[in-house]
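Thanks for asking me to look this one over. Here is the structure, followed by my notes, point by point.

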Amino acid sequence: MCERYHRNVLFFTLLSVASFVGDCSAKFAPDFIHACNNTEPACLIQATKDAIPEFSKGLPDLGVPSLDPFVIDELPIQLPGIKVTFYGGKATGLRKCQVLNVEAYLEQNVFILEVRCNITIKGKYTAVGRLLLFPINGEGDSKIKIVNSVIKLNIKTKYFKDAEGRDHFGIKSYKYTFDYGERIHYTITNLFKGNPELSNTVLQFLNENWRVVTEEFGQPVVDYAINVTVSTAKKFFDAVPYDELLHVPIPKY
């Protein structure tokens, strides 16, 4: 009886140890992450294409928020002569971005991503001041549709270990270029409070001169969107170890 008891205790002890070891080697990367065995652009591009549609939905279990849609709670834009505030907004379209190029230079700590996207931003706005030729005093709904914009991110990476000693990618800094694409279409209500005729006239001007208008006040919006995207990527890299993202030996650091 006593011998059987000890055998059972030994069995459950071994089982507990095995479970603990299994937990320590748990896989963090979602199933849609297909790790490359090299850093050839062809593999990296395909892996990125595979990941974007699901990654953009968010990964709550890993603390990674959604990017499609991503919420714009409030975005004040102060420009010479005009103050615009977007609020209660959402941006959509990231999950359908076309991946143009991906490059990784591990030893140089450089990662390059280039995508082409159609992005739609909807929300509320207030605007007071002067936009180009027109005095503006508006408050209403806004919709901005960006067609075939091209975004190129150049990321300076780093490596670090987590509390369990596993290696991770990190983002040290980044810079980007942004081409507004083929067309930007504005749908904005009530640009002049109580004067729908003048509001429509100005809206027509904005759409006919969309590139000039966008270059005037678009930069803060793009900065905000890129910052949200990079911050989300950082959270993902913090959660998922390097060896689950890339099956290439990590450089010494």
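**Notes on the model**

1. Leaving aside residues up to four places away in sequence, Leu-191 touches Tyr-125, Ile-136, Asn-137, Gly-138, Ser-199, Val-202, Leu-203 and Leu-206. Leu-191 also belongs to the largest nonpolar core, a set of 70 residues, and is listed with Phe-86, Ile-136 and Tyr-186 as having the most contacts inside that core.

2. Please keep in mind that this is a predicted model. The protein chain has an average pLDDT of 88, and 89% of its residues score at least 70. By element, the mean pLDDT is highest for strand β3 (residues 98-105), at 98, and lowest for helix α1 (residues 2-24), at 37. Across residues 1-24 the pLDDT stays below 50, and the stretch has one contact in the model beyond near neighbours in sequence.

3. Now to the cysteines: two disulfides turn up in a search of the whole structure. Counting bonded cysteines along the chain, the pattern is 1-2, 3-4.

4. Cys-36 is bonded to Cys-43, with 2.1 Å between the sulfur atoms. This link is left-handed, at -105° about the S-S bond. Cys-36 is buried, at 2% relative accessible area, while Cys-43 is partly exposed, at 27%.

5. In the other pair, the sulfur atoms of Cys-97 and Cys-117 are 2.0 Å apart, and the link is right-handed, with 115° about the S-S bond. Cys-97 and Cys-117 are both buried.

Technical notes:
Residues numbered from 1 in each chain as written. Predicted model: local features only at pLDDT ≥ 70, side-chain atom pairs only at ≥ 80, totals over all residues. Heavy atoms only, no water. pLDDT = per-residue confidence, 0-100. Helix = DSSP H or I, 4+ residues; strand = E, 2+ residues; numbered from the N terminus. Contact = heavy atoms within 4.5 Å. Core = buried A, V, L, I, M, F, W, Y, C linked by side-chain atoms within 4.5 Å. Buried < 20%, exposed > 50% of the residue type's maximum accessible area, 1.4 Å probe, protein only. Disulfide = S-S within 2.5 Å.
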